[in-house]
Amino acid sequence: MSSETVPLTDPKQSETPPGESEGPPQGIALCLSGGGYRAMVFHIGVLWRLNEAGYLAKLDRVSSVSGGSITAAALAIRWHELGFGGDGVASRFEELVVAPLRAMAGETIDAGAVILGALLPGSHIADRVAKAYRDHLFGHRTLQDLPDHPRFVLNATNVQSGALCRFSKPYIWDYRVGKIKNPTLELASAVGASSAFPPVLSPVVLHFKDSDFEPGTGEDLQRPPFTTEMTLSDGGVYDNMGIETAWKRCETILVSDAGGKLGAEEHPKGDWAQHSVRVLGVIDNQVRSLRKRQVIDAFRAGVRKGAYWGTRTDIADYKLADALPCPVARTLKLAETPTRLAEMPAELQERLINWGYAVCDAGLRAHVDSAVAKPKGFPYSGGVG
C-alpha cells in the first residue's frame with residue numbers, strides 16, 4: 001500500500017480552523033518528536049546544525065510533541081533575540097537556547113513532581129511539572145509571547161475528543177471542540193500538556209470558559225464539559241513525531257525523531273493491569289513504526305520533499321562520504337537513554353547533542369540541500385562516545 005493511499009494525517013480535518021484561508025502546501029516545517037530529556041537534548045544538536053547551515057531562519061513552522069516541545073518552546077521565546085545575520089545564522093544560539101536547556105537537563109523534575117503530587121493535599125503531578133518548566137525556562141510567558149513567524153505549534157492529545165489539541169499564538173484548537181483565538185495560556189502549561197507522557201505525568205486538566213471558544217469552530221463537541229474542562233495527555237499519544245500539524249501546510253518536512261522503542265520481554269506479566277500496559281505498548285510501537293515508514297515512502301514518492309533522521313538511524317544509510325563519524329553501536333546506545341525528565345550527566349548531554357547535530361547534517365545534505373557546506377566538526381569534543 002503506497003503512502004498516497006494511507007493518510008499520514010487525519011483526513012477528516014483541515015489544518016486550518018474555520019474562518020481562515022488555506023492554500024497549497026508551501027514552505028519548510030521542522031517536526032520534533034517526543035522522548036523526554038533524550039529528545040530535548042538530541043533536538044538541541046539538530047537545531048544547532050540547522051542554524052549553522054542557515055536553515056533555522058528558513059523555517060516556516062515548528063511542530064512538536066512532548067520532549068520536543070520543551071526544546072521548541074525554548075527556541076521560540078528567544079527567537080527575536082537570537083541575532084540572525086545576513087547569512088541567516090543566529091549568533092546568540094548557544095547562549096540563549098543551548099545553555100538554558102542544558103541547565104534544565106541537569107535537573108530531575110519528574111520524580112519530585114510525582115512524589116509531591118501524590119503526597120501533598122491539593123497538589124497535582126502535572127502542576128508540579130509545569131512549575132518546573134516555569135522556574136527553569138519560561139517564567140510567566142504566554143502563548144502570545146511566541147513569534148508570529150515561524151509558526152510554533154505545541155501539540156497535546158485531547159483524551160476526551162481523541163484528537164490533537166494545538167497550542168499556538170493565533171489559537172488553541174481541537175477541530176472537534178473548537179478554537180480559542182489569541183490565547184493567553186502560560187507557555188509552561190502548554191508545554192506541560194504536550195509533554196505529559198503517560199501513565200505517570202498524565203493527564204493535564206486545563207480549565208476554560210465555554211465563551212472562550214469562537215462559535216461554530218468545533219465539528220461536533222463544542223459544548224461543556226469539552227469546552228470547560230479539557231483533559232490532555234502527551235502529544236505523542238496521537239502523533240509521536242509531530243507531523244500532523246505540519247504535513248498539510250508545508251511542502252518540505254524535516255522530521256527529527258528521538259522516540260523510544262519497545263524492548264523485548266521474555267516473561268510478560270499475566271495480571272490484567274501490567275498485561276494491558278504491555279499490549280498498549282505494542283500497539284503504540286506499531287503505530288510509530290508505520291508512521292515512520294509512511295513518511296519515508298512519501299519522500300521517496302515525491303509526495304513531499306524533506307528528510308527523516310532519528311536517534312536509531314544508521315548514518316551510513318545516507319551514503320555521504322564525508323559524514324561525521326558516528327559508529328552505529330555507539331549511537332544505538334545513546335538511543336537507549338531512558339524516557340525521563342531526570343538529571344542527565346554533562347558528558348551524555350554532549351554526546352546526544354553531537355549525535356543530533358551529525359545525523360541532522362547527514363539528512364540535510366543527502367536529501368534536502370547538497371550545497372550545504374560540510375561541518376568542521378562536532379559541537380563538543382568526544383564525538384558520540
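This report describes helix packing, aromatic pairs and some backbone features in a predicted model of a protein.

**Overall make-up**

The protein has ten helices and ten strands. It consists of 385 residues, and 54% of them count as buried. Among contacts between residues at least 6 apart in sequence, 76% join residues at least 24 apart.

**Packed helices**

Two packed helices are described by the angle between their axes and the distance between the axes. Two such pairs are listed here.

| Helix pair | Angle between axes | Distance between axes |
|---|---|---|
| Helix 1 and helix 3 | roughly 165 degrees | within 10 Å |
| Helix 5 and helix 6 | about 125 degrees | 8 Å |

Angles over 145 degrees count as roughly antiparallel. Helix 1 and helix 3 are therefore roughly antiparallel to each other, and their crossing is left-handed. On the helix 1 side, the residues that meet helix 3 include Tyr37, Met40, Val41, Ile44, Leu47 and Trp48. Among their partners in helix 3 are Phe93, Glu94, Val98, Leu101 and Arg102.

Helix 5 covers residues 125-138 and helix 6 covers residues 187-194. The angle between helix 5 and helix 6 makes them oblique to each other, and the crossing of these two helices is right-handed. Helix 5 makes the contact through Ala130, Tyr133, Arg134 and Phe138, while helix 6 contributes Leu187, Ala188, Ser189, Val191 and Gly192.

**Aromatic pairs**

A pair of aromatic rings is described by the distance of the centres and the angle of the planes. How many aromatic pairs does the structure hold? There are eight. One of them joins Trp48 and Tyr380, with 5.5 Å from centre to centre and 85 degrees between the planes, which is an edge-to-face arrangement. Trp48 lies in helix 1 (residues 36-52) and Tyr380 in the segment after helix 10 (346-367), so this pair ties together parts that are 332 residues apart in sequence. Both residues of the pair are buried.

Trp79 and Phe152 form another pair, with ring centres 6.1 Å apart and planes at 70 degrees, so this pair is also edge-to-face. Trp79 is in the loop between helix 2 (67-77) and helix 3 (93-105), whereas Phe152 is in strand 3 (residues 151-158). The two residues are 73 residues apart, and their pair links distant parts of the chain. Trp79 and Phe152 are both buried.

Trp48 and Tyr380 also belong to an aromatic cluster with Phe93. The ring of Tyr380 has the charged end of Arg102 over it, 5.0 Å from the ring centre. Elsewhere, Lys58 lies over the face of Tyr55, at 4.2 Å from the centre of that ring.

**Backbone features**

The peptide bond from His149 to Pro150 is cis, with omega near 0 degrees. Pro150 is in the loop between helix 5 and strand 3. A cis peptide bond also runs from Pro224 to Pro225, with omega near 5 degrees. Pro225 is in the loop between strand 7 (204-207) and strand 8 (229-234).

Ser66 is not a glycine, yet its phi is positive, at about 50 degrees. Lys319, also not a glycine, has a positive phi of about 60 degrees. Lys319, in contrast, is exposed, with a relative accessible area of 74%. Ser66 is in the loop between strand 2 (61-65) and helix 2, and Lys319 is in the loop between strand 10 (305-310) and helix 9 (328-335).

Definitions and conventions
Residues numbered from 1 in each chain as written. Predicted model: local features only at pLDDT ≥ 70, side-chain atom pairs only at ≥ 80, totals over all residues. Heavy atoms only, no water. Phe/Tyr/Trp six-rings, centres within 6.5 Å; stacked < 30°, edge-to-face > 60°. Helix = DSSP H or I, 4+ residues; strand = E, 2+ residues; numbered from the N terminus. Buried < 20%, exposed > 50% of the residue type's maximum accessible area, 1.4 Å probe, protein only. Lys NZ or Arg CZ within 6 Å of the ring centre and 35° of its normal. Axes fitted to C-alpha atoms, helices over the stretch in contact; angles between N-to-C directions. Parallel < 35°, antiparallel > 145°, perpendicular 65-115°, else oblique. Left-handed = near helix turned anticlockwise from the far one by under 90°. Contact = heavy atoms within 4.5 Å.
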